[in-house]
Amino acid sequence: MTKLSRDTITRLRRELLDWYDRSGRILPWRIRPDDRDVGRVADPYAVWLSEIMLQQTTVPHATPYWHRFLDRWPSVEALAAAPDDDVLTEWAGLGYYARARNLIACARQVAEQGGRFPDTLEGLKALPGIGDYTANAILAAAFDKPSSVVDGNVERVMTRVFRIETPLPKAKPEITEIAAEIADPDRPGDYAQAIMDLGATICTPRSPACGLCPWRPDCAAQSAGVQTDYPKKIAKKAKPVRRGIVWRIERDGKVWLRKRPETGLLGGMMEVPGSVWSTETPEADPPLEADWDALPEVRHVFTHFALTLEVRRADAPDGWEPGEGVWADLDALGRYALPSVFRKVLVL
């Protein structure tokens with residue numbers, strides 16, 4: 001395990017925070033030192049919302065969603081009172097839809113507890129959808145309390161600076177210990193956001209801007225010219241491939257959509273009706289007799305598998321109604337909680 005001297009820790013903190021004060025990102029949910037100088041304080045609801053969105057999404061992609069959520073539901077109580085379908089519809093396009101269901105559950109639990117987010121690590125981790133990293137990030141950014149924030153950006157920085165040879169995920173305990181040792185107890189919120197900014201904007205995966213890095217003099221990997229070799233990672237297994245068929249049924253500029261079961265993958269979202277998804281080529285009967293056109297296949301990657309969908313299209317005959325579902329205007333699909341995979345089906 002890497003051992004750091006007190007002088008090294010003090011220097012790393014100072015160099016990082018000086019860099020952050022000059023060059024840290026300005027984000028709408030973030031309170032920077034100059035914000036505190038004029039009396040601004042963090043809104044735990046806004047910080048929590050940003051952290052949930054950013055769990056699997058980039059800042060540029062998440063920011064418009066964050067603004068729309070706050071415009072529509074400016075408080076945790078307002079979000080808690082919203083119908084599930086409205087929230088899922090606004091979330092569509094952010095992916096990983098279990099996060100949206102946890103978002104709803106968390107908002108309702110916080111609202112039931114008086115509308116105040118806990119300001120302890122244990123209290124935050126007790127809420128739906130909040131794990132160790134997210135709890136630490138909220139604790140630092142919303143409450144300016146000491147925390148150890150370790151995400152992919154921090155892992156990359158630490159493995160390069162200290163040239164950690166142990167591959168991820170086995171290296172996580174060592175990285176966490178070092179990160180906690182360096183974390184600044186006097187400016188915990190700024191430090192947590194500074195180390196994440198360093199990884200996101202300077203110590204990037206493929207083309208790190210080492211010339212701009214405040215930790216360059218201490219970076220063992222950069223000194224050896226091997227910074228892009230870190231972090232070391234255990235080779236991932238190839239994702240299994242599943243296949244399915246979807247039937248795109250249209251009438252007068254509308255398409256038939258139905259709601260998926262509340263539990264399971266994409267639970268509670270809308271879908272283009274289709275077969276089950278399996279490793280074998282599916283055999284399934286279409287929902288109506290028609291002249292089906294074969295459209296290009298759609299490919300989509302989920303966390304644990306890749307999906308290939310055969311797409312069939314037909315016009316519904318007059319009077320045909322398939323049962324529970326909706327006829328959705330093809331020009332207004334944004335009104336529906338439609339996951340990205342089915343949006344791909346509908347733009348063919």
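User: What is the volume of the second largest cavity, and which residues line the second largest cavity?

Analyst: In this predicted model, the second largest cavity has a volume of about 70 Å³. Its lining is made up of S147, S148, V149, V154, M158, A179, A183, D184, P188, Y191, A192 and I195. These count as lining residues because each has an atom within 4 Å of a point of the cavity.

User: Which helices supply at least two residues each to that lining, and which one gives the most?

Analyst: Both α10 and α12 supply at least two residues of the lining of the second largest cavity, and α12 gives the most, with four residues.

User: What makes up the lining of the second largest cavity by class?

Analyst: The lining of the second largest cavity has nine nonpolar, two polar and one charged residues. Tyr and Pro count as nonpolar, so Y191 and P188 of this lining fall in that class, while Asp counts as charged, so D184 is placed there.

User: How many cavities does the search of the whole structure find, and how much space lies in the largest cavity?

Analyst: The search finds two cavities of 30 Å³ or more, and about 110 Å³ of space lies in the largest cavity. Of the 15 residues that line the largest cavity, the closest to its centre are C203, C210, C213, C219 and Q222. The helices α10 (152-161) and α12 (188-202) each supply at least two residues of this lining, and here α10 gives the most, with three residues. By class, the lining of the largest cavity has eleven nonpolar, two polar and two charged residues.

User: Which residues make the contact of α1 with α12?

Analyst: On the side of α1 the contact is made by L16, L17, W19 and Y20, and on the side of α12 by D190, Y191, Q193, A194, I195, D197, L198, T201 and I202. By class, this contact has nine nonpolar, two polar and two charged residues.

User: What makes W256 and W327 an aromatic pair that is edge-to-face?

Analyst: A pair of aromatic rings is described by the distance of the centres and the angle of the planes. For W256 and W327 the values are 5.0 Å centre to centre and 75° between the planes.

User: Which peptide bond is cis with omega near 5°, and which is cis with omega near 0°?

Analyst: The bond from L168 to P169 is cis, with omega near 5°, and P169 lies in the loop between α10 and α11 (172-182). The bond from Y230 to P231 is cis, with omega near 0°, and P231 has its place in the loop between α13 (220-224) and β1 (241-251).

User: Which residue has a positive phi although it is not a glycine?

Analyst: That residue is R163, with a positive phi of about 50°, and R163 lies in the loop between α10 and α11.

Note on methods
Residues numbered from 1 in each chain as written. Predicted model: local features only at pLDDT ≥ 70, side-chain atom pairs only at ≥ 80, totals over all residues. Heavy atoms only, no water. 1 Å grid on protein atoms, 1.4 Å probe; cavity = no way out; pocket = protein on both sides within 12 Å on 5 of 7 lines; lining within 4 Å. Points joined across faces, edges and corners; volume = space filled by probe spheres on them. Contact = heavy atoms within 4.5 Å. Phe/Tyr/Trp six-rings, centres within 6.5 Å; stacked < 30°, edge-to-face > 60°.
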